[in-house]
Amino acid sequence: MHHHPGSHDPVLVALSVLIAALSSYTALDLATRMRAASGFASLAWLGAAAVAMGGGIWSMHFVAMLAFSLPGVNISYDPLLTLLSLALPILVAAAAFVVVSQRSNALVVSGIGMGLAISGMHYTGMTAMRMAASIHYDPLWVVLSIAIGIGASIVALWLAFRTTSVLERIAAGVVMGLAISGMHYAAMQGSSFIPMDGVLGRAASGTVGQAPLAFLIAGTTIVVLVIGLAVAVHDRSSAERAGREAEALRRSEEKFRLLVEGVADHAIFMLDPEGRVANWNLGAIRLIGYGEEIVGTHYAILHTDEDRDAGIPEAVLLDARREGKSAGEGWRVRKDGSRFWAEATIRVVRNERGEAIGFANIVRDVTERRRAQEALERTRDALAVSQKMETVGQLTGGVAHDFNNILAVITGSLELAKKRLQTEDPRIHRLLDNAIHGALRGASLTQRMLAFARKQDLKPVVVDVPELVRGMSALLKFNPAIRVETRFPIELAKVKVDANQLELAILNLAVNARDAMTASGGTISIAAREEQATNGLAEGRYVALSVSDTGAGMDEETLKHAQEPFFTTKGVGKGTGLGLSMVKGLAEQSGGALMLKSRVGEGTTAEIWLPASQDEKLPEPHAAEPSRSAPRSHRPVSVLVVDDDLLVLDSIAAMLDDLGHAVIEARSGEEAVQLLRRTPKIDIVVTDYAMPGMNGLQLAETVAAEHPGTPVVLCTGYAELPGSAQPLLPRISKPFDQAGLVAVMEEVMRARADARSVLPLRPKRA
């Protein structure tokens, strides 16, 4: 008996090592997909890795066995045992992968089991050999081969559940391929073959030939492994693409989240189908004040109690669900209970099947915009009121002017009728007096209208307010239940104002205060103080003259309209509604303002603000007014009377004729100029101002140019003259009586006589 030396085909040996390396790399590569997957996919990749590992090791072993040959001995393999040797490493490798994937601490035990299975596979394959020889094994090499198989299995399992790169997997595949091949060839080194004499060297019936089988198995194995690698590469590529898409989606969602959360002036939050808050952005936290505690709460908490009672939140969601969108404005409530005016939009959110899965609610605080709109509306209303008041003022001024002409006719005619009436019946004289007093009351009314229209002829002088009020004490006595008190500082600046108009204004305010008192009476306080400019007045010092009462007071609506013309709360026949308008007109025409303060049940305070005068010198007291009876002039003069109103013209002419003067009448300025040119001597011209064509100022200029020294008296219903011309012409305001006409004519003639020359009546052109 002698050992038969065997030999190995170098090509097949190299092929077996290649298969071992390729199967190791493939198994590790498939194991990475197993870790990246989950569920059934993970189990599928695990099975594929076990097949690659076990099947590849078996293929390496079988090709290596096919590479072995004994001279003169034919070798074949038993199919049944060969298949058993194939199944053994696959099943054990799969079991080992499963155990280690679930329990990482079983790595060594699983590796030992897998190594023993690989060794079992080798020796089972050796047993499947059919040849005319017997096989003997060296125990030392057997143990060494088993140790190599166990070591390679432990390393393979460790690498299978560790993240590795492509280069690491290639290096590990080469090392493991060499190790597994080393296990096989170490086992073969410990094997000895003893030929059996008398046994034929042909293969047994049913065996497979050696040469073609090696290449068939090698080719099949490589194809399977390449397919496995291709599948792994495709899966990895798909996974990486899906990962990139997921990362892009995550980044997009993150950008959208940052965008939504970065919108600080909009509250953006999601609602579930029932209207409960699902989430919201930082803008909602800043704007409304709630944090995470609002999640799960119905969004109606943001509405006012009135809206919730009216069912508005539910109606808005229903409208959004039906129309797709609901938008509007209204009050919303913050966490601290404060309210803000919000612009809110709710949009329904639907899934791909068109089902409503919630709502997106966007809320913006537009309180400042609403305040600006309200301020603009108030400004527009104020402008409309101002325009209306200006129109009313122009109308009032025009009416007052025309009314003054009528009153001038009535007053003059009544006065002349009374003088010439010879009856001794006192009732007739009383009726005429009543008519004259009525005309004078009408004149007072027109003065109020002109004051409201700010077209009255004011004669401002420096006035000591306390002294003026004390001089009115007799006029400020009402019924005994009403006490009038005055409070003035020791030192108070003077004001420059028309004294008569200021007296009338104070009396108006005092009468209003009296009418506001109840039957039990009360107190009227008249006071003054110095203040700096306020409420849009020009810079400087002002004297605030106030008249206060303890009466019923006014509500806000009444106070808002109190200064409007013809507005009154006194009832029919008890007031014209022009009192406060007149006071306001006087104050504004004098450079000041009228301010009212009132509260229901607490009384009213009216303040006339007038600029403090820089000239502290009071005017000289006037001489006592002459008797209103008009004596016949001591020297008749020739008077040219000019007026386009025939009634006024006739009335003035009658008064002058009654005084003994020679009167020439002209109906226009042009006619007056023609009469002046034809008449040798005219001592004085009395003309109306407002006439069509040539007005009174233009006529005065013509008179001064063609008849120097001839005085002109201007009659006007209100001061509507250019400022530069006003102080140069003597004037008389309509309506006037005969005494007033005599007074102004005597003043003009006296000034002419004193000057002993031409009276300077050369007005500047406007």
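Trainee: In which helix is H437 found?

Mentor: Helices (H or I, at least four residues) and strands (E, at least two) are DSSP runs, numbered from the N terminus. H437 lies in helix α12, residues 426-452. This is a predicted model, in which local features need pLDDT of at least 70 and side-chain atom pairs count only at pLDDT 80 or more, whereas totals for chains, interfaces and linings use all residues. Residues are numbered from 1 along each chain as its sequence is written, and side-chain values use heavy atoms, with hydrogens and water left out.

Trainee: How is the exposure of H437 described?

Mentor: Buried means under 20% relative accessible area, exposed over 50%, and partly exposed in between (1.4 Å probe, protein chains only). H437 has a relative accessible area of 49%, so this residue is classed as partly exposed. H437 and T411 are 26 residues apart in sequence, and their C-alpha atoms are 9.1 Å apart in space.

Trainee: What is the strand order of the open sheet of five strands?

Mentor: Two strands pair if DSSP finds at least two bridges between them. Here the order is β13-β15-β16-β18-β17, with mixed pairing. β13 (482-487) and β17 (593-599) stand at the edges with a single partner strand each, so one side of each has no neighbour in the sheet. From one strand to the next, the twist averages 15°, where axes are lines fitted to C-alpha atoms, for helices over the stretch in contact, and angles run from 0 to 180 degrees between N-to-C directions.

Trainee: In which sense do β13 and β15 pair?

Mentor: β13 and β15 (residues 522-532) pair in the parallel sense, over six bridges. V484 has I524 of β15 as its bridge partner.

Trainee: How many residues of helix α19 are buried?

Mentor: Eight of the eleven residues of α19 (696-706) are buried, and the helix is mostly covered. Among the buried residues are L697, L699 and V703. The buried residues of α19 pack against β19 (638-642), α18 (669-678), β21 (684-688) and β22 (712-716). At the start of α19, a side-chain oxygen of N695 comes within 3.1 Å of the backbone nitrogen of L697.

Trainee: What share of the contacts in the protein between residues at least 6 apart in sequence joins residues at least 24 apart?

Mentor: Contact means heavy atoms within 4.5 Å. The share is 71%. The protein has 20 helices and 23 strands, and buried residues make up 44% of its 766 residues.

Notes: Polar contact = N/O pair within 3.5 Å; in protein donor to acceptor, adjacent residues only side chain to side chain.
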